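Hi,

Here's the structure I promised to pass on. Have a look at it first, and then read on for what turned up.

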Amino acid sequence: MEDILTSKYGRDRIKLILDWIGKNGGLEPVMLPGGGHKYLGLEEVLPEGSDVKEILEGLEKAGLLKKILIGSSLACPKCHKSDFVPVLVCQNCGSRKVYRERLLEHVSGGHIGPESMFYKEGRLVCPVCKKELNEDEVRVIGAWFVCKDCGAKRPNVDYRFECLNDGEVFDVFTADFLPIYKYELTPKGEMERSVTRSDLIEAIASEIKAFNKGSILKELQGKSGLTHPFDFVFNKGKERIIMDLIYSGDMASDNDVLAFFSKYFDVKNKGDVPVLLAWPKMSDKAKSLANYYKIKFREVSSIPELKRVVRELLS
Ligand SMILES: [Zn+2]
Ligand SMILES: [Zn+2]
Ligand SMILES: [Zn+2]
């Protein structure tokens, strides 16, 4: 993981970003009216005002994301904005005074003529048989472009772009050419995205340490004579909090709750508070069992949420 990114945004945030991109199957830009493009969606996991493009580029450099070219867009070579309109120009002299002349056919009669000859005083009339026609009785069978300045008639027309910001006229060769990318997780990004149990333990420990000057125990001697491991045992005022983290890919089960309770039951003293944190979820059965045994429990599915829950427990 690149240090600059980690120090600026924090590893937890980076995981959230990667997780968002992973869950959404990648991140594609949205084209904006008036030109340019934007990456939307990440603002859900980023602080306001974050520079999304900078983050994406940083993650790409760190090998966590790969960028895939999906297209390109143009921008004005003078002001670098993509706010422009296309303009048509004569292929012969470059004049903008070109117009399109279409070749129409009176379908049932097979009569052909230029579009201008089919219109008489706003009515559609076949120039050959002089019958008045409806729009659906004629079809376009060809077109060419006529220049008012030089008189050239060509089957095609050239086009340029005119910047609405500064009037600069440019073409595809002189324009700024901007590649457009979508981003996907690399295998390294996939690994970084998944939060390990020790990541969570570390996050909880740092919150407890920040709050509590006392020591954190990792095991307790039971009345049975057995020693039971716990993730965290620490004091909060007169209370002793005995806490385990149930880490599962899916849901903590009632068996997880039972296993915790049997350890806790062996070590408990007056004033002890049993706490279970479940990553990421807890089954309904597990919840009712925890309620029955008077175990405090919380479901957590992100590290910021986990830290918040731990702070709440401590305060
Ligand atoms: Zn411009
Ligand atoms: Zn011309
Ligand atoms: Zn006709």
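What geometry does the site of the zinc ion (ligand 3) have? It is tetrahedral, with angles of 102 to 117° among the 4 donor atoms. Bear in mind that this is a predicted model.

The zinc ion (ligand 3) is held by two histidines and two cysteines: H106 and H111 each coordinate through ND1, while C126 and C129 use SG, at 2.0 to 2.3 Å. Along the sequence, these donor residues follow the spacing H-x4-H-x14-C-x2-C. Two of them, H111 and C126, link distant parts of the chain: H111 sits in strand β6 (residues 111-114), and C126, 15 residues apart from it, lies in the loop between β8 (123-124) and β9 (138-147). C126 counts as buried because its relative accessibility is 0%, and the cut-off for buried is under 20%.

Next, helix α3, which covers residues 52-61. Its buried residues are V52, I55, L56, G58 and L59. Looking down the axis of α3, you'll find them within an arc of 160°, so they line one face of the helix. At the start of α3, D51 brings a side-chain oxygen to within 3.3 Å of the backbone nitrogen of K53. After α3 comes G63, with a positive phi near 80°.

Finally, the overall layout. The protein chain is divided into domain 1 (3-74 + 177-193), domain 2 (91-156) and domain 3 (197-314). Taken over C-alpha atoms, the centres of domain 2 and domain 3 are separated by 82 Å.

Cheers

How values were computed:
Residues are numbered from 1 along each chain as its sequence is written. Chains are lettered from A and ligands numbered from 1 in the order in which they are written. This is a predicted model: local features need pLDDT of at least 70, side-chain atom pairs count only at pLDDT 80 or more; totals for chains, interfaces and linings use all residues. Side-chain values use heavy atoms; hydrogens and water are left out. Donors are N, O and S atoms within 2.8 Å of the metal (3.2 Å for Na, K and Ca); water is not among the atoms, so sites may look incomplete. Four donors count as tetrahedral if all angles lie between 85 and 135 degrees; four count as square planar and six as octahedral if opposite donors are over 155 degrees apart and all others between 65 and 115; anything else is irregular. Helices (H or I, at least four residues) and strands (E, at least two) are DSSP runs, numbered from the N terminus. Buried means under 20% relative accessible area, exposed over 50%, partly exposed in between (1.4 Å probe, protein chains only). The arc is that of the directions from the helix axis to the C-beta atoms. A polar contact is a pair of N or O atoms within 3.5 Å; within protein, one must be able to donate a hydrogen and the other to accept it, and residues adjacent in sequence count only if both atoms are side-chain atoms. Domain bounds come from an automatic or database domain assignment.
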